[in-house]
Structure formats: C-alpha cells, structure tokens
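Subject: Structure for your review

Dear colleague,

I am passing on the structure we spoke of, and below it you will find notes on what turned up when I went through it. Please read them with the model open beside you.

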Amino acid sequence: MENLNLVLPEIFISLSIMFLLVLGVFKKNSSKMTFNLSLFAILITAIITINETFSVSRETLFNESVVIDSMSSLMKIITLIGGFLVLVISSSYLKTFKIYNIEYPVLILSSILGMMVMISANDLIVFYMGLELQSLALYVLATYNRDQLKSSEAGLKYFVLSALSSGLLLYGCSLVYGFSGSTNFDIISNQLNSNEYVLTFGIVFILVGLAFKISAVPFHMWAPDVYEGSPTTVTLFFTMVPKIAALTVFIRFLYVPFLNLIDQWQMIIIFLSIASMVFGAVAAIGQTNIKRLIAYSSIGHIGYTLAGLATASNEGIQSSIIYISIYVVMNLALFSCLLMLRRKDQYYEDIEDLSGLSKNHPLLSLCLLVILFSLAGIPPLAGFFAKFYVFKAVLEQSMFFLAIVGLLSTVVAAFYYLRIIKIIYFDKEKDKYDTDHSLWLKFSLTVSTILILLYFIFPSQLIEVVSRINII
Amino acid sequence: MNFPILSSLILLPTVGALFLFFTKDKEGNNSTAKYVALFTTIVNFLISIYLWISFDQSTSNFQFVEDRTWIEGFINYKVGVDGISILFIILTTFITPLCIISVNNSVKNRLRDFLIAILIMESFMIGVFCALDLVVFYLFFEAGLIPMFLIIGIWGGPKRVYSAFKFFLYTLLGSVLMLVAIISIYWISGTTDVIQLYELGIDAKYQNLLWLAFFSSFAVKTPMWPVHTWLPDAHVEAPTAGSVLLAAILLKMAGYGFIRFSLGLFPVASEVFTPLIYTLSVIAIIFTSFIALMQEDMKKLIAYSSVAHMGFVTLGIFTLQQQGIEGSIIQMISHGLVSAALFLCVGVVYDRMHSRMINSYGGIVTIIPKYSILFMLFTLAALGLPGTSGFIGEFLILMGAFKDNFLVAVIASLGVILGAAYMLWLYKRVVFGKLVNEDLKKMFDLNRSEYLILSCLAVPTLFFGFYPDPLINTIEVSVTDLINMHNTNIASK
C-alpha cells in the first residue's frame, strides 16, 4: 500500500478546486467567498505539506513516478506562499477592472496544482501532465482581462509559443524514451551512458522547452509582451511562481536523468546563463514600461540562477534555490509598489509615472529604493547575498569566465535600476497617488521590504534550510 | 569579552539615523534633527578618542577584536583595529560632525533625509576601516555607494544626475572584480579572515591576478590616473558636505585598502607591480597638477589636486620603506583635513555668491579678512609648507622614494613645485588682486558655525605639522611589522 499521506497536499488541493468550482457555479455572487476559501485552501495545503513531507528525506510513490524529497517540499512551500500572496493582493486590482470572478482563484489553484505535480515528478509523463495543467491555467489567466486588447494578445502569444515549446519538449522526451526504454528518471539515468548524437538531440529539445518556460535567452521573446499585456497581478504570478516550478524541474532533469551526460549539457547551460545575464541587462535599458522592464530584469535574474545550475555541484543547486527564493521576495515587493501606483481607479505602469515619487510618497519611495538596490545586487541588501552565493559556487568550480561576465553584467543592470531611482528621487514630482490601499498590500510590501533590508543580520537560516537539499 | 566598542562605533550613527527617521519632519524647522545628528556624531567622536587613548601603541596586533559567527562555517563578522586603521576611524568621526554643522548653509531642502544619509554613510565608512574579514570589508566598501549616490543625486548641482551615475558605475565596475578575487581567495585558502590570511599567506602563483583584481577596485576609488575622471565631476556637483566626505574619507578607503590588503596579502605581486604603480603615480602627480593649473572652477581645481595628492600616497605606499608608508598614512590624514577644509572654504564663498568660478572673485581680502587668513592657512598646508601637516607627509614620502628609486623621486619632487604653483595661483586670483566684481562687496565674513568648523580643522593641521609624534607613534609599530612581514615573505619565496 502506498503512503498516500505524502501526496495529501495535491489531493487536498484538487478536491478544493472541484469544490470551489461547484460552489462558485451554484451560488450567485460568490466571488468573495471563493477568494477567501481558496486562500484558506492554500493555507491548509501549505500546512499539510509542512507536516507530512518536510521531514521526509526521500520517498517515491506510484512505481517511483513521484518523488518526495527535501527539494520538492521546500519548493512546494515557496510555490504555495507565492500563490497565497498573489491571491491576497489581487483583489483590489481585479475589482477595479470588474473581473473579480470566481474563475480567478480556481485558475490560480489549478496552476499551483500543476506546479506541485511538476515539482514532484520523477517520470516524463507525470512531469508533462503537470506542465500542461499549469500552462493551460496560465494561458487563461494571461487573457483574464478579456476586454483589453493587450491582455488577449498576451494570452494568445503565450499560448502559441508555449504550445510550440511543449511540442519540442515532448519530442525530446520521446527521443530520450527511445534510447533508454523507460520514462522513469532513475532508470533513464542508469541507461544513458552512451554519447549518441540523437540522444544529444533529445536533451537539447528538452532543455529548449524548459528554457522557454523559464524565459532564458534566446527563448525569451514571449516574456516582455506577455508580461506587459497580462493583468498586473497575473504578471506578478508569472514572474514568481511558475519560475520556481520550472527551475525545480530543470534541476531534476539535469541532475537525475542527465547526470552522466554532463559534458553534453554543461556548455548549453553556461551559454543560456551568459546570454540571459547579458541580454537581460542590456535590453532593459531602453524600456519605458515598468512591466516590460521587469520582464527583462527577470530574464537577467534567471541567468544568474542558471549560473548556479551550470556548476554541477550541490553548492550550485543550493545557491540557485537561494537565489530564486530571494528573487521571489524582491519581486513581490516590487509588484506591491507597482500596484500602489493608482489614481482614481487607474493604474500607472510607465517609468515616467514614478517621477518625483519621493516628494509625495516618501515611504513608498524608500521601499522602492531598497528593492531596486537589492535587485541591482548592492550590499548589504538581500539581492547581494543571492548573487554572492551563486558566484561562490561558480568560482568553486573555477568557472572564472562565467563569474566575471555575470558580475560585469550586474554593473550594466545597475544602470537601469539606478535610472528608476533617479526618476523617483531626482526628478520633478507629479500628482499624488491614492493611499487607501488594502491592508494585505501594505502588509506584503512592508514584510518583503523588511526581509530584504534585514536579511544580512541572519543570513544563516535560509542556508540551513536549503543545505538539506542534496541532489547529486 | 569586553564591551564591543568597535561595533558600537559602527552602529551608533545608524541608530541615530533610525531615530531621525521616526521623528516627524517639520517643514522649515529642522533644528531638532540637526541637533540629534550632531549629538550622535559627537558622541561617536568621543568614543573614538577614548579608543585612541586606550589603544596600546607598543604592539602591532589587532586590538579590540570582535569575532562572531555570521554565516555558519563561512564568514565571521570580525572587526579590530591596529595602528594603521585607528587613525582613519578618528578622521572619519572627526570630519562627520563638521559636515553636519556645515549643512546649515548649503542644504536647503529635505535636511532630515540628508542627515540620515550622512549618518548611514558614517557607519559604513567606520566599518570599512575596522573590518578584518574580506567579505565584511567588501560589504561596507560597496554599501557606501548607496548614500553617496543619493547625496550627490538629490542635493547636488545642475549636472548631478550624470555625476552620480558616473560615480556609482565607475566604482561598482572596479569593485566587482574585487568580489571575484575575494571569493577566489576563499577557495584558495579556505578563509577570508585577514589575520589568518596574513599567517597563511597566499600561493605566489595566484597573487598577480588577485592583486590586479584588488587594484582595479582601489585604483578607481583612489582615484589613480587614468580612471580618475569621475572624481572632478562628483566633487563639482556634490553639495559641500558631500564633497568633504568624498575627499576626506572615501578616497582614503582605497589608500587604506592598498596598505592593508594589496601589501599585506600579496607581497610578491606588490613587488612585481611596483613599477606600474610608480608610473601611474608619477603621471597622476605631474599630469593632474598641470590640469589643475588650467581649471576655472575652484572645486574642480581642488578635485584635481586631490588626484595629485593621492598620487603621492600611492607612490609612498609602494616604496615599501618605513618612511614611505608612514608618510602616506600621514599624507592621507593631512589631506583628509586639508581638502575637507578647502572644500568648506569654497562652500563658504559659494553660499554667498553662488559661483565657483575663479574669475568671479578677486580682491576679497579686504572684505572678508578672517576667511582669507584661514583660506591661506589651508592653501599653504595643501602645498606642503613646513609647519603644516601636509609637509610631514610629502617629506616622508619623498624620503622613502629617494631610498627606493631616485628618478621617480626626482620627478615626484617636481610635483611639489607644481602643487605650490596651482594652489598659490588659485589663492592669488581669488583673494588678492583688484576688486572688479561689485557684488562681492556685499559678502559678509565667516559666521559662527563656519568659523568653528574651519578653526577645528586648522588646529590639527598646524598641531600635527609642528608635532607629528602622536601620529607617528601610533602607526610606527604596525608599519614596521608590516614591512618585516613583507620582507620575510619575499625572502621565503
């Protein structure tokens, strides 16, 4: 008998999705209720995850097609927290656009379910199932503001390109299956020792598909358009949560089935990493829309995360996970600020709208200052430590070129972050923005800013949690 | 474990800044904020004086060391002082209160924020001088960019955005390579603790590259020719207090870094690259002196003179002679006092006339005599007249240089003459001559706070000029030990 307790979080969240859907359809005007209940469901799922799986070092289920280990539990918890925060700070934004409907929380929950399946996957088919579940929910979310042309365009673009990448991914999976005779990661890992060309193709296809999902250069083209067009809260969701899941899958693929083929993929990852870091930094300079800018900056940040993965060491994987966790916090803070730029039911998204913010909104500007310097990686803020751990791992493997290119691109990236700070602090002020924000929005901004600011006092805790993750 | 005196030195200004942050910002009346900031920095100064008094001058060991685990099994938060660093800490705590007094006249808007930035800056600067772990050092070294960027950018002159960006990006670009080097040192030696690294030594085959990485950071910060171009821009645009901090303390971080890290950690590479430093220093001394001669803008002139003076400092450090290094340290302290005073002097007339151009002044000696006397004192100190602290530093550096390399010393000595030329010419054009500009007649002489600041700076300049013993006694043992350690390292390689 399988120990079903280990997948209890997934089971619970599936049941809640069905229940909420039924409830929402049968009961009139139940949006508020669905929202609250789904928050509640996420919380309970998180608690179950912590209770049931956090102490598990490694267990497999269902013919070894699902794996529960310290990485999967940690990533699930981060995913759930991310989803929770996105939901709580969405409501006022959605109400403004009159799209405060029951579908929104249900879609978010389903994509979270997909991600949780992805994170735990130890089998090509389970992985693909999770991936498609989360992607389909995300397509709909991207178009969620359906009365706006840009939102529909974003959804369509995302759908077409993402479907293409899923196709590539699936093709790669079939090639790998053909060579190893199994879809199970562990068995593939034992079977794949040869250096056959076609197998390399399979790996490349899979990596391309995954690179698309995390928007690494050169598979990033969709990101700026989709980020700009989607409703802001959905963009927030895009920049945080699916990246965590995709990163976990990336780690799993590289270090379980493909571990023996490290010579084949290491160069690819290094290339993806360098290209993302440099391109993300350079392309963001010319942007005028904050959401587009965030898209490019997230491309750059993914580059740093990949740099950690390229090291082929446990240190590197841990540093990537630390990086993405800190990045999630910084992103949450940045978007909370963005959602506060509201004046008479209209949200502002251009960098120019931040002009002179420090005169009218000193506290908000101070938070932005901290967040932006942290994103630029200036000590003693959290963003510096994230980069520091990554480069520590990279330099352990004597990959000097990667480290130096990465650090130089932080200088370029610093330029566009400084440009925003300049606009906030040095330029002429504009009209005041509204200050009656929801409590949750203020809460998430305050907490995340304090975390970023004071991370340097207790840096060991995060490392301690992450250091339990030993994949290799 | 005794009372953590160094950590309290570092933290106290930040606590003061927090206190200011939570007080209400009253429009127009900010005297409370100023008194809070002043009080904090003066207490800090008194603590640092206490530190100096209880400092044991007979040993080169690090004193008041605090060692706490910070990142488990990787970095310790380790601070401590020896004879070299203690003087810089006192310089920092001495200059900051003067900056805060000086804001009266120059900073008009958002005074409270300005004071917060200055206080936080002070924390970081003290941190740089006490850090005994490379990562902790880097943290403080880089963190200082944030408040300085804001000080230049928010309260600066018309071209402030350009200058702030240039300052920030130049320094950051230099520093990232140092970060690579620091992490590499961790993987080579297994620690980033400076004291342990002094004992272990770093394998000679890595030293050259590591030295260059550190050099890239310190050269920008010093600033050495040809990466000095950010300094004139930053100085010209920064508000007076910002220029003072920049010239008096920020530039000294690099000189201190050269002594503590480049010499201490990489003795072999330091020998290898001495010719490079000599060349760049001599170019800096001669070339920027000529540039200074041609300046129309007073602040720019003083900025270029800073580059030239820092050229002497780097020259002195890499003579690897007792006199050279001691001279460099005293020159840095003296330059800290004198350049701060000169920027304040420019600030005084700028606040009255809103012009930094030399040709808009002339003949002010009859209108503001007190100012003219103090200005003359600092001009003479800047050109190294015997009896001022500037003389001791330059003299010792040249003595060290003559011991090591005759040609370099001769060329550098020419720089002293050029220094006298541009400083005296500046003074002549501003203070003497015919009174052409009628508006100048409306100028009033130094007010109380300006008088206080400038005399506070004049006293140590003269005192240490006549009696440098307290400084030399403090640094002597540490410098001797540094050179001994260097020589044994070279001999064993």
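Where in chain A is the place of A:P380? The residue sits in the loop between α15 (362-376) and α16 (382-396) of chain A, and please keep in mind, here and throughout, that this is a predicted model. A:P380 is joined to A:P379 by a cis peptide bond, with omega at about 5°. Most peptide bonds are trans, and most residues other than glycine have a negative phi.

The second part of that remark bears on two further residues. A:A312 is not a glycine and yet has a positive phi of about 55°; it belongs to the loop between α12 (290-309) and α13 (314-339) of chain A, and it counts as partly exposed because it has 17 C-beta neighbours inside 10 Å. B:F64, also not a glycine, has a positive phi of about 55°, but B:F64 lies in strand β1 of chain B and is buried, since 20 other C-beta atoms are found within 10 Å.

As for chain A as a whole, its secondary structure comes to 19 helices and four strands. For 472 residues a compact globule would have a radius of gyration near 23 Å, and the 21 Å of chain A agrees with that. Its C-alpha atoms fill a box of roughly 65 × 60 × 40 Å along the principal axes, and 56% of its 472 residues count as buried. If one takes the contacts in chain A between residues at least 6 apart in sequence, 79% of them join residues at least 24 apart.

Between the chains, the contact draws 24 residues from chain B and 24 residues from chain A. On the chain B side, the elements that give two or more residues are β1 (63-71), α5 (134-143), α6 (145-155) and α7 (160-189), with the largest share, 13 residues, coming from α7(B). The residues on this side divide into 19 nonpolar, two polar and three charged.

Helix α7(B) also packs within its own chain: its axis and that of helix α10 (residues 230-237) of chain B come within 9 Å and cross at roughly 135°, so the two helices are oblique to each other. The crossing is left-handed, and the residues that make the contact include B:R160, B:Y162 and B:K166 of α7(B) together with B:W230 and B:D233 of α10(B). By class, that contact has five nonpolar, one polar and four charged residues.

A further helix pair in chain B is formed by α14 (residues 322-353) and α19 (residues 469-492), which pack at an angle of about 135° with their axes 9 Å apart; α14(B) is therefore oblique to α19(B). Here the crossing is right-handed. Among the residues that meet are B:I325, B:I329 and B:I333 in α14(B), and B:L471, B:I475 and B:V479 in α19(B), and the contact comprises nine nonpolar, two polar and one charged residues.

Finally, B:L265 has its place in helix α11 (residues 240-265) of chain B and is buried, with 24 other C-beta atoms within 10 Å. Leaving aside neighbours within four places in sequence, B:L265 is in contact with B:L197 and B:I202.

With best regards

Key. Residues are numbered from 1 along each chain as its sequence is written. Chains are lettered from A and ligands numbered from 1 in the order in which they are written. This is a predicted model: local features need pLDDT of at least 70, side-chain atom pairs count only at pLDDT 80 or more; totals for chains, interfaces and linings use all residues. Two residues are in contact if their C-beta atoms, placed from the backbone, lie within 7 Å. Ala, Val, Leu, Ile, Met, Phe, Trp, Tyr, Cys and Pro count as nonpolar, Asp, Glu, Lys and Arg as charged, and the others, Gly among them, as polar. Axes are lines fitted to C-alpha atoms, for helices over the stretch in contact, and angles run from 0 to 180 degrees between N-to-C directions. Angles under 35 degrees count as roughly parallel, over 145 as roughly antiparallel, 65 to 115 as roughly perpendicular and the rest as oblique. A crossing is left-handed if the near helix is turned anticlockwise from the far one by less than a right angle, and right-handed if clockwise. The radius of gyration is taken over C-alpha atoms; the globule rule is 2.2 Å times the number of residues to the power 0.38. A residue is buried if 20 or more other C-beta atoms lie within 10 Å of its own, exposed if 12 or fewer, and partly exposed in between; C-beta atoms are placed from the backbone.
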